[in-house]
Amino acid sequence: MKAYATELNERNTRQNTPKMVFLLAPLLILLAVIPLCTYNSRLALPSAKISISELRSIELEKKCDIFSGKWVPYPKGPYYTNESCHLIIDQHNCMKFGRPDTEFMKWRWKPDECELPMFIPVQFLEIVRGKSMAFVGDSVGRNQMQSLLCLLASVAYPEDISHKYTSETDYFKRFYYGEYKFTVATLWSPFLVKASDSDPNGHSLNSLMNLYLDEADEAWVSQIENFDYVIISAGQWFFRPLIYYENGKSVGCHNCDINNMTAITKYYGYRMAFRTAFRTLQRLKNYKGITFLRTFAPSHFENGDWDKGGNCARTRPFTSQEVKLDGYIMEFYLTQVEELRAAEKQGMMKGLKFLLLDTTEIMLLRPDGHPSQYGHSLHKNKTVNDCVHWCLPGPVDTWNEILFYMLKIERLRSLVGKLMKYAEVN
């Protein structure tokens, strides 16, 4: 995977190899001694005149791929527990339902060439003060949002305002942090594009569905335009039987077993869904947000498929020597990253940012992090082991450590951009 990460770095340093610009010695000291959370749009600019040539001459660049590394023991354990955070839903609450081991909570992601900063809830909330964030996708996307709620719980608890926006509060959630005027939401859209049931026997865990690959799902599109940060993801639902539609006509299907229907791989449907989602964001008149692609998170079923008794009973992470990123996981990963890169180029013309939150190999190494038999869902058969979602606390908290790091980088870039503009006119 490191080779792939290196290639991504060379193609775009904005995610994995951020360029840190320090403006003269006084600003260097300022950035070193003042916590990031104190920066805001009212920060006084230096009174001394700064030339563009001086700015560029002191540009410093440190390359570090935060997505290439390994899991290392972390005896201090997690940021929170199921007792200190009361926002964990039963689907993720492994300790509540009797998981006997705790070692899965005592590992931390260590990039090869640097340190991933710890999550600091006060700093996070200051960065997002007055802003809004949406997790768009399936229930694994909600998993990340629930992790974020718990990571922030030591500082603030939000108000659940979901009922003000929808009657489907099991799938569309909104929370508001009044002190910080920060809204965080999860918008349920497992395919990102329009979908409907096609099975005459009704909807089930593996029933046939129609997928309209060139029509984004209005369930999220109708609500997304004013969000400042959008974390978009999708994955596991694309394995089910699907009939694909484009321009209102069926073009083929995946795993549908229908006579005279052209067989099309799941990768095609996956590619087109992300393409449509990204292009939709670019077309929205008022959308000015930063879009993060949170890449495919693998499941870890062993001893059978999900519907044939498969489980995930491991209690330790894999090493990179034990498992490799290949097969369908690699194909899913490359497909969505290719679409992100295309969206990134198109977005630049409109001033929109599309950033990579690369969790695929990180989570491939964590077969120990799933609920398996220790997570309960009201909407699913409890006899099916859950090797798709992630226990809280658990390795999914790392996603938000990375998100926090990326938001800090973007905040710093914004500050540097203002200083550059200041230097141009003074």
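1. Among contacts in the protein between residues at least 6 apart in sequence, what percentage join residues at least 24 apart? The figure is 78%, with contact meaning heavy atoms within 4.5 Å.

2. A word on the ground rules. This is a predicted model, where local features need pLDDT of at least 70 and side-chain atom pairs count only at pLDDT 80 or more, while totals for chains, interfaces and linings use all residues. Residues are numbered from 1 along each chain as its sequence is written, and side-chain values use heavy atoms, with hydrogens and water left out.

3. For the overall make-up, the protein has 11 helices and 15 strands. These are DSSP runs numbered from the N terminus (helices: H or I, at least four residues; strands: E, at least two). Of the 426 residues, 54% are buried; buried stands for under 20% relative accessible area, exposed for over 50%, and partly exposed for what lies in between (1.4 Å probe, protein chains only). The protein exposes about 19,500 Å², and carbon and sulfur atoms supply 51% of that area. Accessible areas come from the Shrake-Rupley method with a 1.4 Å probe, and for residues only the protein chains shown count as cover.

4. How many disulfides are there? Taking a disulfide as a pair of cysteine sulfur atoms within 2.5 Å, the count is 4. Here are notes on some of them. Cys 85 and Cys 150 are linked with their sulfur atoms 2.1 Å apart, and a torsion of -75° about the S-S bond goes with a left-handed link. Cys 85 sits in the loop between β3 and β4 and Cys 150 in helix α6 (residues 139–152), so this pair ties together parts 65 residues apart in sequence. Both Cys 85 and Cys 150 are buried.

5. Another disulfide joins Cys 94 to Cys 391, with an S to S distance of 2.0 Å. The torsion about its S-S bond is about -90°, so the link of Cys 94 and Cys 391 is left-handed. Cys 94 belongs to the loop between β3 and β4 and Cys 391 to the loop between α10 (360–364) and α11 (397–425), which puts distant parts of the chain, 297 residues apart, in one link. Both Cys 94 and Cys 391 are buried.

6. Cys 312 and Cys 387 form a disulfide too, S to S 2.1 Å. With a torsion of about -95° about the S-S bond, this disulfide is left-handed. Cys 312 is in the loop between β14 (290–294) and α9 (327–348) and Cys 387 in the loop between α10 and α11, so the pair ties together parts 75 residues apart in sequence. Both Cys 312 and Cys 387 are buried.

7. Most residues other than glycine have a negative phi, and most peptide bonds are trans. Leu 392 and Pro 393 are joined by a cis peptide bond, with omega about -5°, and Pro 393 is in the loop between α10 and α11. Asn 247 has a positive phi, near 55°, in the loop between β12 (242–246) and β13 (249–254), and is exposed at 71% relative accessible area. Asn 303 has a positive phi near 65° in the loop between β14 and α9, and is exposed at 66%.

8. Does helix α8 come out buried or exposed at Tyr 270? Tyr 270 is one of the buried residues of α8, which also include Lys 266, Met 272, Phe 274 and Gln 282. The helix length is consistent as well: the 18 residues of α8 (residues 266–283) should span 26 Å at 1.5 Å a residue, and the end C-alpha atoms are 26 Å apart. The expected span is 1.5 Å times one less than the number of residues.

9. Tyr 79 lies in the loop between β3 (69–73) and β4 (107–111) and counts as partly exposed at 35% relative accessibility. With Met 118, Ile 120, Val 122 and Val 155, Tyr 79 makes a nonpolar surface patch of about 350 Å². Patches are made of residues with over 30% relative accessible area and no salt bridge, with like charges joined within 9 Å and nonpolar side chains (Val, Leu, Ile, Met, Phe, Trp, Tyr) within 5 Å; a salt bridge is a side-chain nitrogen of Lys or Arg within 4 Å of a carboxyl oxygen of Asp or Glu. Glu 401, in helix α11, is buried at 3% and touches Tyr 79 and Met 118, among others.

Notes
Lists of a residue's contacts leave out its neighbours within four places in sequence.
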